[in-house]
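Load the model and keep the selection panel open.

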Amino acid sequence: MHTGKSYKLPEFIGWTRRTIYVLIVVSAVPVLLYQLAGWHWLAIPWGVVFLLGTTVALSSGFKNVQTYNRMQEAQQVWSSIASSSRVLGATARDLCASNDAARSLVYRHLAWLAALRFEMRRPRVWENARKANNVEYLRLYRIPEREQTLANELVKYLPPGEAAQVLESRNRALQVLGLQSRATKELLGDGKLTMNGFSDLQKLIRDFQDLQGKSERIKDFPYPRQHAFINTLFVRIMCVLLPFGMIGEFERLNAAVDGWAKGGMVWLVIPLSLLISWMYCALDLVGESTENPFEGGANDVPISRISQEVEIDLRELLGEQGVPAEALATGDIAM
C-alpha cells in the first residue's frame with residue numbers, strides 16, 4: 001500500500017512505459033500510411049470510434065469499481081483481524097491464571113497471523129505480480145514473505161511439536177486455530193481459565209475462523225475472468241481504431257488553417273491519440289493492479305505491516321521488554 005502523499009508522474013509513466021511504446025507505434029502507423037503512402041481510405045467515421053469509446057468507458061468504470069470493492073473488503077477483513085487480535089491479547093492477559101498461559105495463547109495467535117499472511121502471499125495463476133512492469137517496481141519495496149520462510153516464523157511462536165504439526169497440514173492457519181481451541185480447553189480443565197474466559201476466547205477463535213474464510217475467499221476467487229478479458233479486449237480494439245477515426249476529423253481542420261500548418265494537421269493525431277489511448281490503458285492497468293489485494297503488489301493491503309503492528313501491541317500487553325517501537329517500512333510502500 002502506498003503510504004506517501006501520491007505517486008509521482010514520472011514514476012507512473014515509468015510503470016506504464018511498455019504500454020506507451022506500443023501505443024506510439026499504434027498511433028503513428030495509420031498517420032504515416034495516410035500522409036506518406038496516400039492511403040486515404042484508412043480513415044473511418046468518427047461515430048464508430050465514439051460509440052466504442054463509450055462502451056469502453058462504461059466497461060472500465062465497472063471494472064475499477066468492482067476491483068476497488070475487492071480491495072476495500074480485504075482492508076475491512078484485516079482491520080477486523082487487527083482489532084479482534086488486540087481483544088484476544090487483553091482477554092488472555094486478564095483472564096488467564098498465569099502469565100505463561102496468557103503468553104502461550106498470544107504467541108499461538110501470532111503463529112496464526114504468520115500462517116495466514118504466508119498463505120495470502122502464495123502466488124495464484126491469475127495474479128499479475130509476475131508481469132514485467134510489476135516485477136520491475138519491486139525494487140522500491142520488499143515483501144517479507146518472499147524473504148522469510150514460514151518454518152522460521154513459526155518456531156518463534158510455537159513449541160517444536162506444534163510447529164511441525166502445522167507445517168504438515170494443508171490449511172496451516174486453520175490448524176493453528178485448532179491448536180488454540182484445544183489449548184483453551186486444557187486451560188479450562190486445569191483451572192487456569194474461568195468458564196467466562198473460555199467462552200470469550202472460543203468466540204474470538206470462531207471470529208478468526210470467519211475472518212480467515214473471508215480473506216481466503218478474496219484470495220482464491222479472482223475477479224471474474226470474463227469481465228477482465230472483455231474489458232482489456234475492448235480497450236485494445238479502441239486504441240487500434242482511435243487514430244483511424246481521428247484522421248478524418250483532423251483532415252477537415254486543414255481547410256480552416258493557413259500557412260505552415262495547412263496540410264499538416266493530421267500529424268496531430270499521433271500525440272493526441274497516444275494521450276487518449278494511454279489514459280484508457282492506464283485505467284485498465286490500475287484496475288488490474290487492484291483486483292488481487294494480497295498478491296504482493298505496491299497497492300496491496302499491507303498484511304505484513306498489520307501483522308507486525310499487532311505483534312508489537314500484543315507483546316507490549318504482555319509486558320515484554322525490548323519490543324520494537326514501530327513496524328518497519330520501505331520507502332512509501334507498506335507491505
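A note before going on. This is a predicted model, where local features need pLDDT of at least 70, side-chain atom pairs count only at pLDDT 80 or more, and totals for chains, interfaces and linings use all residues. Residues are numbered from 1 along each chain as its sequence is written, and side-chain values use heavy atoms, without hydrogens and water.

Now show all of H2, residues 17–35. Helices here are DSSP runs (H or I, at least four residues), numbered from the N terminus. H2 has 19 residues and reaches 27 Å from first C-alpha to last. That is close to the 27 Å expected at 1.5 Å a residue, taken as 1.5 Å times one less than the number of residues.

Next, select serine 84, in helix H3. Serine 84 counts as buried because its relative accessibility is 15%. Beyond neighbours within four places in sequence, serine 84 is in contact (heavy atoms within 4.5 Å) with Leu204, Phe208 and Leu211.

Finally, show H3 (residues 46–95) with H13 (residues 303–317). Their axes, lines fitted to C-alpha atoms over the stretch in contact, come within 10 Å and cross at roughly 15°. H3 and H13 are therefore roughly parallel (angles under 35 degrees). On H3, pick contact residues including Trp78, Arg86 and Arg93; on H13, include Ile303, Asp313 and Leu317.

Note on methods:
Axes fitted to C-alpha atoms, helices over the stretch in contact; angles between N-to-C directions. Helix = DSSP H or I, 4+ residues; strand = E, 2+ residues; numbered from the N terminus. Parallel < 35°, antiparallel > 145°, perpendicular 65-115°, else oblique. Buried < 20%, exposed > 50% of the residue type's maximum accessible area, 1.4 Å probe, protein only.
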